[in-house]
Amino acid sequence: MFPLQNLFISIINKYLGELNHTIKNHFTAIQPSVEWKFNNAGISYLRNEKNGERLLPVPIHFDGIHPIYGAIDFRNSTIERNKALTEDYTTQLNALIHTLNALKQIRNVDLLGEMIYQAEVFIKRIENNNLSINDDAEITYFLTVESLDLIMQLGIQDVEIQNLTAPYLKELAEDGVFHKQSAALEETFLILNTHIISVLDKMNEELQDSYPYYFDRYRTDGVEFNIYIGQSIAPDKPFNDVYLKNVRLRQLISMVNIAIITESCQNLLPKKIQTTQLIFVQPNTITISFRHDEKRFDVEGAYNIRYEIIKKRIDKAVIKNSDERLTQPRKIAIVYYNKKDIEDYLKHIEYLQENKILEPSIEDLDLEDMQGVSGLKAIRVTIQDASVK
């Protein structure tokens, strides 16, 4: 009996260990690399509570951290969203006009004519690309409230009208034709995000074996990620530049593979959406601290906050004296302040060029100043048709 009991206990403990590891890696800020710091903070908190001292959140911060930032963005995502939305609007407005005209043939209701006129006005605005944010809200209200209320009221206890309007009402469902283009676009974003996250999670899993660090990724229109690495995260393991260089190389390789994967699946996507790849090189180390109110890590101090500001601005960066966006499909852009800050990346690029993964040329670019940000430069490299395993 005891051997069988021990086997069950072993299986349960293994499962609980895997579950705990999964939760820490994917669902909380307490990743294994920083768990010791939270344990120390918890011990201090309990000690203060036992001694009857005033209970305040114990600060959790890491100094001397090298931040490594990358962003994979969906090319022209806002434009594509607006395009899909206006196509869906046009489809629904035309269907509404057809339905209202049919109702007008069997019921003498003056308001039907006015509704038809309003629908035609909206179609003309869409065709002339004159839609504003207010127009968008106005069309939404017209389609979801005004016209729908009229149709529903006319159909009360009137089977003939119910039968006539049924095809239109059926397409109002989330999987209906009136949402077809927007749904296709969101499905495309979901598929691409799944591929991107898969590559980044694989990168994270492999890099964690060499040196513990804090990894943070989040979805925007695409995926952004931060790697925070430094001695203060793993005080018992000596840190040196080898680990930093290795992370940067793997970051660059992952960016290459993401670009190639998203490019290769274009013909399989509901909508053709390309991605752009961006890296920002912070010249100095920063301090990150755990925000108890938001249960997440954030930068600390005025200088460090500037790093966050730059990250939020550079995705819209434009090459100096031109209208060309820095980020382009099939290219990796690396933004920096001083050439010495990208020495590691230049060596990694040379290695990938030698292996026919990146094209031989490197573009040296100056960037237009942005609000609160000036003096930025960038290099840009083009990806060949090969991936790195």
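Biologist: How many nonpolar, polar and charged residues are there in the lining of the second largest cavity?

Modeller: The lining of the second largest cavity has 2 nonpolar, 2 polar and 2 charged residues. Nonpolar covers Ala, Val, Leu, Ile, Met, Phe, Trp, Tyr, Cys and Pro, charged covers Asp, Glu, Lys and Arg, and polar the others, Gly among them. The model is predicted, so local features need pLDDT of at least 70 and side-chain atom pairs pLDDT 80 or more, while totals for chains, interfaces and linings use all residues. Residues are numbered from 1 along each chain as its sequence is written, and side-chain values use heavy atoms, without hydrogens and water.

Biologist: What is the volume of the largest cavity, and what lines it?

Modeller: The volume is about 50 Å³. A259, T262, E263 and Q266 are among the lining residues, as are P329 and R330. Helix 8 gives the most to this lining, with 3 residues. By class, 3 of the lining residues are nonpolar, 5 polar and 2 charged.

Biologist: Which residues are closest to the centre of the second largest pocket?

Modeller: A pocket is an open set of points with protein on both sides within 12 Å along at least five of seven lines. The second largest pocket holds about 380 Å³ of space. Of its 22 lining residues, D73, D221, D315, K316 and R325 are the closest to the centre. Strand 1 (61-74), helix 3, strand 2 (214-220) and helix 9 (302-313) each give two or more residues to the lining, and strand 1 has the largest share, 5 residues. The lining has 6 nonpolar, 6 polar and 10 charged residues.

Biologist: Why does the span of helix 3 agree with expectation?

Modeller: The expected span is 1.5 Å times one less than the number of residues. Helix 3 (residues 77-106) has 30 residues and should therefore span 44 Å, and its end C-alpha atoms are 44 Å apart. Buried residues in helix 3 include S77, A84, D88, Y89 and Q92, where buried means under 20% relative accessible area (exposed over 50%, partly exposed in between; 1.4 Å probe, protein chains only).

Biologist: How many aromatic pairs does the structure hold?

Modeller: There are 9 aromatic pairs. Rings of Phe, Tyr and Trp (its six-membered ring) pair if their centres lie within 6.5 Å; planes under 30 degrees apart are stacked, over 60 edge-to-face, and the rest tilted. Y211 and Y243 form a tilted pair, 4.7 Å centre to centre with 40° between the planes. Y211 is in the loop between helix 7 (180-208) and strand 2, and Y243 is in helix 8 (residues 241-264), 32 residues apart. Y211, F239 and Y243 form one aromatic cluster. Y211 counts as buried because its relative accessibility is 1%.

Key: Helices (H or I, at least four residues) and strands (E, at least two) are DSSP runs, numbered from the N terminus. On a 1 Å grid over the protein atoms alone, a cavity is a set of points where a 1.4 Å probe fits but cannot get out, and a pocket is an open set with protein on both sides within 12 Å along at least five of seven lines; lining residues have an atom within 4 Å of a point. Grid points are joined across faces, edges and corners, and a volume is the space filled by probe spheres set on the points.
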